[in-house]
Amino acid sequence: MSLDISQYPVLAQANTPHELKQLPQALLPQLADELRQFLLESVGISSGHFASGLGTVELTVALHYVYNTPFDRLVWDVGHQAYPHKILTGRRDRMHTIRQKDGVHPFPWREESEYDTFSVGHSGTSISAALAMAVAAEKEQAGRKVVSVIGDGAMTGGMVFEAMNHAGDLHNDMLVVLNDNEMSISENVGALNNHLAQLMSGRFYTTIRENSKKVLKGMPVIKEMAKRTEEHLKGMVVPGTMFEELGFNYIGPIDGHDVDALVETLRNMRSLGGPQILHIMTKKGRGYEPAEKDPIGWHAVPKFDPSQFKKPATKPSDPSFSEVFGKWLCDIAAKDEKVLGITPAMREGSGMVEFSQKFPEQYFDAAIAEQHAVTLGAGFACEGYKPVVAIYSTFLQRGYDQLIHDVALQRLPVLFAIDRGGIVGADGATHQGAFDLSYMRCIPNMIIMAPSDENECRQMLYTGYCYQDGPTAVRYPRGSATGATQVEKMTALPIGKGLIKRQGAQSGTKVAMLNFGTTLAATLEAAEHFDATVADMRFVKPLDVELVKELAQNHDVLITVEENAIMGGAGSGVLELLQQLKLPMPVLQIGLPDEFIKHGAPDEITEELGLDAKGIQKQVEAFLA
């Protein structure tokens, strides 16, 4: 259900940036108000990322008003904050479909719109991409401008500083907008700072500054003294010295919710040469009181009624795997003060809120810096501590070198609690946990476990905690667990041993199904149609050699089932083992295809990919035929 655009008279006139530019500047504040209300209503219909977009309404309006997009390049970091951008770039009438199957993509996506110059989903990429576009623009000599928008949280990532260091060295024309929403706008970010930013970005100030540098070029002592004086004076009013040292001209901070001040400052900065950084202060959740008070809780929301000022009540359900992990971590930390929990800025998502409150001395948030989080764990392990790195499957990809070089190579006992393994749903291709079994399985010294239910998850985490001969990984999916009873007593599992869950037929075409992870219930249901044997393998590495050998010798066909890429996954491990054992036989691998999995509800995607019980049954029937 799309919204009635007639309720938004100014927004109705700005379906594209070209239409937006036809509006008088005096109407921009009203446009921002209508855009914010439209965002509120549309996310209420569709669900989706929420608080971040509310904070970037005025910035988005100003950027598209001043810059000639899509000719000028606008690069968003991550993209949670890009909903207003989508509304103003021709997708307004489809916003109610965002994050839904075949609907608007949850993040900026090149295939969806020419205004989305770079497809994103992980943080810290915008400045690198924008720098390349700035270099290309200079080569083309077409007068193209390049802007990247990055949040203060993403500024903690090492890739950001690598890009800024390079940009400062190359000195191409580009603008980085630092959207700082960690603190409320205080008095010193009012009219005086807006006025100062406009002065500093104006032609008179910059001309004097650049000419002074030329004059002082031949007088090193005086030049150095002038530079220090400038830094001292600027340091009293703006916190930009660090960016200046990286080669950027720093301007700000200014009120990111004053659309007129933004327009004037961006107009001035558009004509400046070299790398520029504009620091704006915004409020996450701006204009919607519950989101302003709790921006983390309102970061992403289900469908809701904005007029109620509260999220809809959720029905009681089984605990999520994240909650199972969080409870286990609290239980084990209460017994062992050497247990340390590490997360790269995913405290809430990874189920670590209670742990961080109960055991603050044992909790470490490494910020959005996955590489650092992994090696931090390695360092703790060197000193005899027991680090547990809680990380999403899709984010561990970013710490892959550290996983190999700093952890596995040194055989350090770091436990990886890998959340969001498999299909995650609405966040789409950038967030699906499709590759972790494949990319971990090839690393020497790794122990990889895939629980089929929450009790197995708990016992596997304890197994990883007890194992001290190298790194271990427990990989589990997003969302509610299976309803299995969690046994409070923790028992370390024998490494590399699976279980027979169903004994199949002893005559006819004998089928054995080897399951890895939470696809067990669907596998068992499908097995009924073939009277198949089902094994819960539990360990992806090392595989249970004796069990695989027994199943191969006593069955005619093997079926492997996993919610991971087929290529290089657990099923590939079974094939490799059969080759080593010289036991050639028909094997069907069921898993994720060789493509990036699009967004949509997990159940819809699972059904489409044939990973539900009916889909598994159909694939086996076709294989046997």
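**Close-up views of a predicted model**

View 1. Cysteine 442 is exposed, at a relative accessible area of 54%, whereas cysteine 457 is buried, at 0%; buried means under 20% relative accessible area, exposed over 50%, and partly exposed in between, with a 1.4 Å probe and protein chains only. The structure holds 0 disulfides, a disulfide being a pair of cysteine sulfur atoms within 2.5 Å. This is a predicted model, in which local features need pLDDT of at least 70 and side-chain atom pairs count only at pLDDT 80 or more, while totals for chains, interfaces and linings use all residues. Residues are numbered from 1 along each chain as its sequence is written, and side-chain values use heavy atoms, with hydrogens and water left out.

**View 2. The open sheet.** Seven strands form an open sheet with mixed pairing, in the order S9-S8-S10-S11-S13-S12-S17; strands are DSSP runs (E, at least two residues) and helices likewise (H or I, at least four), numbered from the N terminus, and two strands pair if DSSP finds at least two bridges between them. Strands S9 (363–365) and S17 (539–541) stand at the edges with a single partner strand each, so one side of each is left without a neighbour in the sheet.

**View 3. Strands S10 and S11.** Strand S10 (residues 386–392) runs parallel to strand S11 (residues 415–419), and 5 bridges join them, with alanine 417 in S11 as the bridge partner of alanine 390.

**View 4. Arginine 99.** Arginine 99 lies in the loop between helix H5 (83–91) and helix H6 (126–140) and counts as buried at 11% relative accessibility. Its side chain joins that of aspartate 427 through a polar contact of 2.5 Å, a term for N or O atoms within 3.5 Å of which, within protein, one must be able to donate a hydrogen and the other to accept it, residues adjacent in sequence counting only if both atoms are side-chain atoms.
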